Amino acid sequence: MIPLSLARIAEITGGSLDGDPAAMVTGEVVIDSRRIAPGGLFAAVEGERVDGHDFAAAVIAAGAVAVLGTRPVPVPSVLVADVPAALAALAGFVADSLPAARIAGITGSSGKTTTKDIAAQLIERLGPTIAPAGSFNNEFGHPLTVLRADAATRYLVLELSARGIGHIAYLCGIAPPRYGVVLNVGRAHAGKFGGLDQVARAKGELVEALPADGVAILNADDPRVLAMSARTQARVVTFSCTGAPHALHALHAPRRPHAPHEPPQSHAPQPSFLAADIRLDDLGRPGFTLLTPDGSAPVRLRLHGVHNVPNAVAAAALASELGLGLGEIADGLNAAVARSRWRMEVRQRADGVTIINDAYNANPESVRAAIDALRYLARDGRGFAVLGHMAELGDFSAASHAEVGEFAANAGLAGLIAVGDEAAPILAAARGVRSWHGEAIAAPDGAGAVAMLVNRLKPGDVVLIKASRAAGLEGLAAELELEATG
Ligand SMILES: Nc1ncnc2c1ncn2[C@@H]1O[C@H](COP(=O)(O)OP(=O)(O)OP(=O)(O)O)[C@@H](O)[C@H]1O
Ligand SMILES: [Mg+2]
């Protein structure tokens with residue numbers, strides 16, 4: 001955060017100040033009262049269950065300089081009509097004040113956080129970088145991330161998400177990116193959009209926002225992403241993982257008449273960043289040859305799942321465009337770890353059972369990616385998938401749950417455990433796959449799923465846990481890990 005007086009904050013946000021105009025905010029701006037540190041500013045948000053204003057006294061006691069809120073509180077405050085708009089104004093001011101900081105935005109339906117985390121681990125080699133762990137990607141998280149920048153910051157790596165048309169354009173307006181990465185167009189939140197073309201329209205707002213001297217980094221393997229090259233004035237750089245196992249192509253290939261191995265557009269230029277010779281080790285960690293305009297290098301990721309190859313190559317392309325050399329990129333990719341939790345966390349129990357905790361979120365493409373990883377890890381044993389429902393799919397919901405059930409059954413899993421009523425359509429579809437001889441089990445909740453699994457698991461088995469955030473299944477992995485010793 002660049003130090004700002006309360007008077008300045010009131011001026012930038014158009015708010016009314018109650019407190020010492022000269023008091024300086026020198027610490028982080030947060031919306032989670034537990035994260036306040038001395039010198040910080042607490043933005044009070046009225047949520048469904050809690051109202052941040054109730055914590056006003058507590059955050060001041062913890063060292064906050066003031067509260068940014070919408071109604072009077074008995075402590076120093078800046079009162080505004082709309083807190084996200086005030087955060088946007090502050091973040092815009094900070095971004096304008098730091099012309100030396102280069103801003104990159106990453107969007108897509110799946111893999112934003114992972115790509116952001118990998119990219120940050122590369123770009124940190126170039127200079128001070130702001131890219132917090134986790135999904136700070138909406139009208140709160142985005143400005144809060146920008147607000148962390150200060151005079152020393154050289155790079156901002158931002159995750160941008162959209163639940164509707166105009167959202168990404170709005171975020172780009174706060175801190176205009178010069179570099180934009182689009183990973184894929186899938187069905188995450190598709191219900192809110194009303195179709196994949198609308199999702200593409202929304203994600204493409206990132207490249208529309210780029211300036212002529214900017215760089216748009218596009219996934220050439222996804223036709224809807226590649227088509228965004230027509231929507232930007234920035235220079236277009238593309239990446240491709242066509243050397244990937246077949247499953248990868250299927251992940252994001254929209255239903256279209258031509259075969260998945262065909263290039264998406266025959267007139268498309270050759271991608272500049274490529275992954276070839278993709279292989280997976282015993283734990284499903286990909287190794288590949290990275291081909292770039294500067295030459296090629298072998299890479300072995302520590303991350304699990306072939307879907308992390310495009311994430312890694314996209315991050316490599318961004319880092320390269322920012323000036324990182326190939327050797328550093330390859331070293332950085334080899335060293336990159338998952339910074340954000342519950343994404344393909346693979347743990348082996350002492351008794352030989354492997355647990356994959358991928359419970360951060362779920363949409364049809366990411367569930368298929370995770371089942372592919374499960375199938376790979378369980379190739380010599382039995383695979384079990386504990387799946388909760390996939391939220392925000394709207395009209396796509398029933399068909400998407402059925403599709404996932406069929407996919408799981410065709411993957412030959414030993415068991416499919418659907419948690420909660422909303423996940424039940426997964427089981428119905430799986431049972432409909434005649435060639436499948438696995439068990440389809442309905443569990444009322446997470447505890448029920450654990451109870452059903454413990455007696456079934458034996459050494460060599462692999463369990464995947466995956467659901468939308470709302471299902472809250474991330475804790476199951478820990479319970480299952482404990483069961484090994486119990
Ligand atoms: N390139 C990809 N293609 C398909 N699935 C992916 C890809 N990358 C990640 N995933 C899957 O998506 C899950 C979430 O990954 P990540 O958190 O990086 O995505 P995100 O786009 O940030 O999600 P959110 O919209 O919730 O912020 C992973 O655990 C994995 O199962
Ligand atoms: Mg995310």
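The lining of the largest cavity divides into four nonpolar, two polar and two charged residues. Here Ala, Val, Leu, Ile, Met, Phe, Trp, Tyr, Cys and Pro count as nonpolar, Asp, Glu, Lys and Arg as charged, and the others, Gly among them, as polar. The model is predicted: local features need pLDDT of at least 70, side-chain atom pairs count only at pLDDT 80 or more, and totals for chains, interfaces and linings use all residues. Residues are numbered from 1 along each chain as its sequence is written, chains are lettered from A and ligands numbered from 1 in the order in which they are written, and side-chain values use heavy atoms, with hydrogens and water left out.

The structure holds one cavity of 30 Å³ or more. A cavity is a set of points, on a 1 Å grid over the protein atoms alone, where a 1.4 Å probe fits but cannot get out; lining residues have an atom within 4 Å of a point. The volume is the space filled by probe spheres set on the points, which are joined across faces, edges and corners. For the largest cavity this space is about 30 Å³. Its lining consists of Lys-116, Pro-132, Gly-134, Phe-136, Thr-145, Val-157, Leu-158 and Glu-159. Strand 10 (residues 155-159) gives the most to this lining, with three residues. Strands (E, at least two residues) and helices (H or I, at least four) are DSSP runs, numbered from the N terminus.

Ligand 1 has 20 residues around it, of which Lys-112, Thr-114, Arg-343, Asp-358 and Asn-361 come nearest. A residue is near if one of its heavy atoms lies within 4 Å. This shell divides into two nonpolar, 13 polar and five charged residues. Helix 4 gives the most to the shell, with three residues.

Polar contacts are pairs of N or O atoms within 3.5 Å. A polar side-chain atom of Thr-114 lies 2.5 Å from an oxygen atom of ligand 1. For a backbone N or O atom of Gly-111, the distance to a ligand 1 oxygen atom is 3.0 Å.

Definitions and conventions. Polar contact = N/O pair within 3.5 Å; in protein donor to acceptor, adjacent residues only side chain to side chain. 1 Å grid on protein atoms, 1.4 Å probe; cavity = no way out; pocket = protein on both sides within 12 Å on 5 of 7 lines; lining within 4 Å.
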